[in-house]
Amino acid sequence: MGHTDDKTPDVSTGSPCSITRPDLPQRAQGEENAYSNALAQFDKAVSHLNLKKGIVETLRCPKRELSVSFPVLMDTQEIKVFKGYRVHHSVVKGPTKGGIRYSKAVTLDEVRALAMWMTWKCALMNLPYGGAKGGVVVDPKELSFRELERLTRRYATEISVLMGPESDIPAPDMGTNSQVMAWIMDTYSMHKGFSIPAVVTGKPVEIGGSLGRTEATGRGTTVTVLEAMKRLGMDPSNATVAVQGFGNVGSVVAKTLHEIGMKIVAVTCSRGGVHNGKGLDPHDVLRHLEGGGCVYNFQGAEAITNEDLLQLDCDVLVAAALENQITSKNADKVRAKILAEGANGPTTPEADEILKTTGIFVIPDILCNAGGVTVSYLEWVQDLQSFFWPVDEINRKLQTLMARAFESVMECGAHYKVSNREAAQILAIQRVADAMVIRGIYP
Ligand code: NAD
């Protein structure tokens, strides 16, 4: 475990970071608020650590927050104004890293929570980054391709005061993809006058993206699921899996677990999904989606709701959709042996307490979905050195780093006698606190 230098002066100002600032737009409070959940997890983890009050208060607050309103010319020649954010939670360990989300549900609190989780995720994986996140309040499905491009280029310009290959490196998240990253990279490069691929990750390979990046989050989740099964003495052959959220992360987890012989019994998207006790072939479901179908009308299986899926009797439940899915209302009905948090923040702190009593093995989000940022880091390193590795090498490095992080979380949990989530947070927070103490307080 790390240490905190006793000689460091306490920098406390006596005003802990609050989530009730009246000047900022707020989402529902309590269990539905991702930021209050992130803070509750943080408070629980730091209660096990011997950190100075001022260090705790610094790590509790986002370092900087940018809110932007910007006009976009629509295809109808109408001008629409969009709201966007970029939050840097911590810059202690290096430049900030974190995705950009396009969704109607984006709020500043959600972006703050996701930025904080990125700090812990990067520290847990020993990546030389602090945490960031960005978001635009928009449903990308309501925009034409060109409108999406104009919105992205304008948002990239608005946040370019923060962004840079040595300062803040975005990546895709819900509602964005490699094309959006290509536009951001191009916009930033146009402003500078030369190409700067390392300013974003998750780009197409043609312009400096890494092989294996698209599948990295799902692959990393699969590594952690197999490590958890090994630890619990479970046999993967014919073990049953339910996947909530059949998007980038969920579909890759389903495919990779299916390939090693596990049985995918249910998958859902935002509008519901399907269940088949004999097993579904995720490749067939993907072909159905490519043909214009939806997950819930896939043939040869019975329709189920998202709530049904969470309560299925299965070995592994993969939560790969979004925040706040497992709450105090349904946590006692989860019957899986392993909960793999492919999404960020799918379990509320209230639900966590219930899951502890039911004995489910939780693979916490900052570990479970860290494969994405890990290969983003590998992409950034390849861009900076202009030398690219084959996909086998990327996947091997990913496997090693994920398995090592899983083991460190298990060791930390045994040392502190805490849940997997608390262990992951304790390890990450201690590493960032140690870095802060070593750097010292400027000036
Ligand atoms: P995505 O947009 O590709 O897929 C999201 C899926 O969830 C879609 O199938 C959508 O229909 C479904 N969904 C949305 N709302 C739902 C609901 N209420 N119930 C059930 N399903 C619902 O997004 P993604 O990139 O796969 O990201 C999923 C989660 O993983 C997010 O929490 C994201 O922050 C996290 N994550 C993603 C990455 C990455 O590399 N893409 C990395 C780390 C974490």
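Reader: Which polar backbone atom is 3.4 Å from an oxygen atom of the ligand?

Author: A polar contact is a pair of N or O atoms within 3.5 Å, where within protein one must be able to donate a hydrogen and the other to accept it, and residues adjacent in sequence count only if both atoms are side-chain atoms. Here a polar backbone atom of G247 lies 3.4 Å from a ligand oxygen atom, and a backbone N or O atom of A321 is also 3.4 Å from an oxygen atom of the ligand. From T217, a polar side-chain atom lies 2.7 Å from a ligand oxygen atom.

Reader: How much of the ligand's accessible area does the protein cover?

Author: Accessible areas come from the Shrake-Rupley method with a 1.4 Å probe, and for residues only the protein chains shown count as cover. On its own the ligand has 830 Å² of accessible area, of which the protein covers 82%.

Reader: What should I know about the model itself?

Author: The model is predicted, so local features need pLDDT of at least 70 and side-chain atom pairs count only at pLDDT 80 or more, while totals for chains, interfaces and linings use all residues. Residues are numbered from 1 along each chain as its sequence is written, and side-chain values use heavy atoms, with hydrogens and water left out.

Reader: Which residues come nearest to the ligand?

Author: A residue is near a molecule if one of its heavy atoms lies within 4 Å of it. Of the 21 residues around the ligand, D173, T217, N248, V249 and N344 come nearest.
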